[in-house]
Amino acid sequence: MKALVYHGPGKKSWEEKPKSELKETTDAVVKILKTTICGTDLHIMKGDLPEVTDGRILGHEGVGVIEEAGSSVSNFKKGDHVIISCVTSCGKCEYCRKGMYSHCEKGGWILGHMIDGTQAEYVRIPYADNSLYPVPAGSDEESLVMLSDILPTGFECGVLNGQVKPGDIIAIVGAGPVGMAALLTAQFYTPAEIIVIDQDDNRLEVAKTFGATHIINSAKENVQIKVMGLTDGKGVDTAIEAVGVPATFELCEEIIAAGGHIANVGVHGKSVTLHLETLWDRNISITTRLVDTVTTPMLLKTVQSKKIEPEKLITHRFKLDQIIEAYDTFEHAAKEKALKVLIEI
Ligand SMILES: NC(=O)c1ccc[n+]([C@@H]2O[C@H](COP(=O)([O-])OP(=O)(O)OC[C@H]3O[C@@H](n4cnc5c(N)ncnc54)[C@H](O)[C@@H]3O)[C@@H](O)[C@H]2O)c1
Ligand SMILES: [Zn+2]
Ligand SMILES: [Zn+2]
């Protein structure tokens, strides 16, 4: 089969690999119909995640069809269409039993990370019963690709951990697909104002159409002054960090109101300064989270009922064998006016 293979920082190729096959009776092999590229794949390409080794097939998002199900898989059979969760979970270990699938003792985020991923013609999914979700009949499968990762990530790590409430003023730093997913799902809770901050004017304009009440280009404006101006000098109730670089986390520290919540979503490859000299008496909380994907079934209902329309995040379409071009487009998002790139067979 063909697959997108990582060969160390900055190096990748679309090459021939042995076809994915069952290893355990709880596995399923899924033929990929649609996949995409995550900001995390870009962090891997930058070398921010050194545990990813040479030869790894990348990708942790997608919709596909069951090619073969192991003998212990009871929820799915050959031919079923499925949403692949970016997090693999056995459903039985201590962490799974408390809903923290991200730290499943036998899974967690392993796809396209510690085991081969979804940017390929086929992928092996361990613990298929718990790690796949059925595609409801008649669904728009493009929108469902956003349920693999970005929607649960923006919602769980950003909105839920950030404790967004009615009437709050929130800031989302980073208007990539994950920041946009936080923007869409924050509106379940009717915050009063949503300030979106990025350096990419195109993404900021798109954020407005998705519900941002204010946008700030941090390359052109002083964000702290602008946010304080918008909040009577108080700062925001929730600051969601959806970039993953020191500057944006420190920005969240500068704009958070007393009693506020900084919800980190970004994957960080470098240490960040924690300014306790200014924050120690501010009653703030800081949270981190690897997405658990426990809210995927709920989010699926909101997509099905069109309460949110994540397919609007798709700006570019490629065939699977054009994936190198798709990476190029996503890596140069500002120039290409790209948000989510859909890659399909
Ligand atoms: N915690 C989790 O479980 C989890 C899951 C998925 C993704 N992530 C992480 O979420 C983050 C966002 O993912 P994405 O797919 O939206 O990525 P992306 O690369 O498409 O988006 C990042 C955005 O940040 C903006 N940006 C970069 N530097 C900036 C700066 N200094 N100031 C303001 N904006 C800046 C970019 O213009 C871009 O729009 C990444 O770090 C990704 O690894 C975390
Ligand atoms: Zn991801
Ligand atoms: Zn488990």
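How do the residues of the shell around ligand 1 divide into nonpolar, polar and charged? There are 17 nonpolar, twelve polar and five charged ones; Ala, Val, Leu, Ile, Met, Phe, Trp, Tyr, Cys and Pro count as nonpolar, Asp, Glu, Lys and Arg as charged, and the others, Gly among them, as polar.

Keep in mind that this is a predicted model, where local features need pLDDT of at least 70, side-chain atom pairs count only at pLDDT 80 or more, and totals for chains, interfaces and linings use all residues. Residues are numbered from 1 along each chain as its sequence is written, while chains are lettered from A and ligands numbered from 1 in the order in which they are written.

Around ligand 1 you will find 34 residues, each with its C-beta atom, placed from the backbone, within 6 Å of the ligand. Gly39, Gly176, Val178, Gly244 and Val267 are the closest. Helix 1 gives the most to this shell, four residues; helices (H or I, at least four residues) and strands (E, at least two) are DSSP runs, numbered from the N terminus.

Now for the two domains, whose bounds come from an automatic or database domain assignment:

| Domain | Residues |
|---|---|
| domain 1 | 2-149 + 292-344 |
| domain 2 | 152-287 |

Their centres, taken over C-alpha atoms, are 27 Å apart. Where they touch, domain 1 brings 19 residues and domain 2 brings 18 residues, a contact being two C-beta atoms, placed from the backbone, within 7 Å. On the domain 1 side, helix 1 (39-46) again has the largest share, with four residues.
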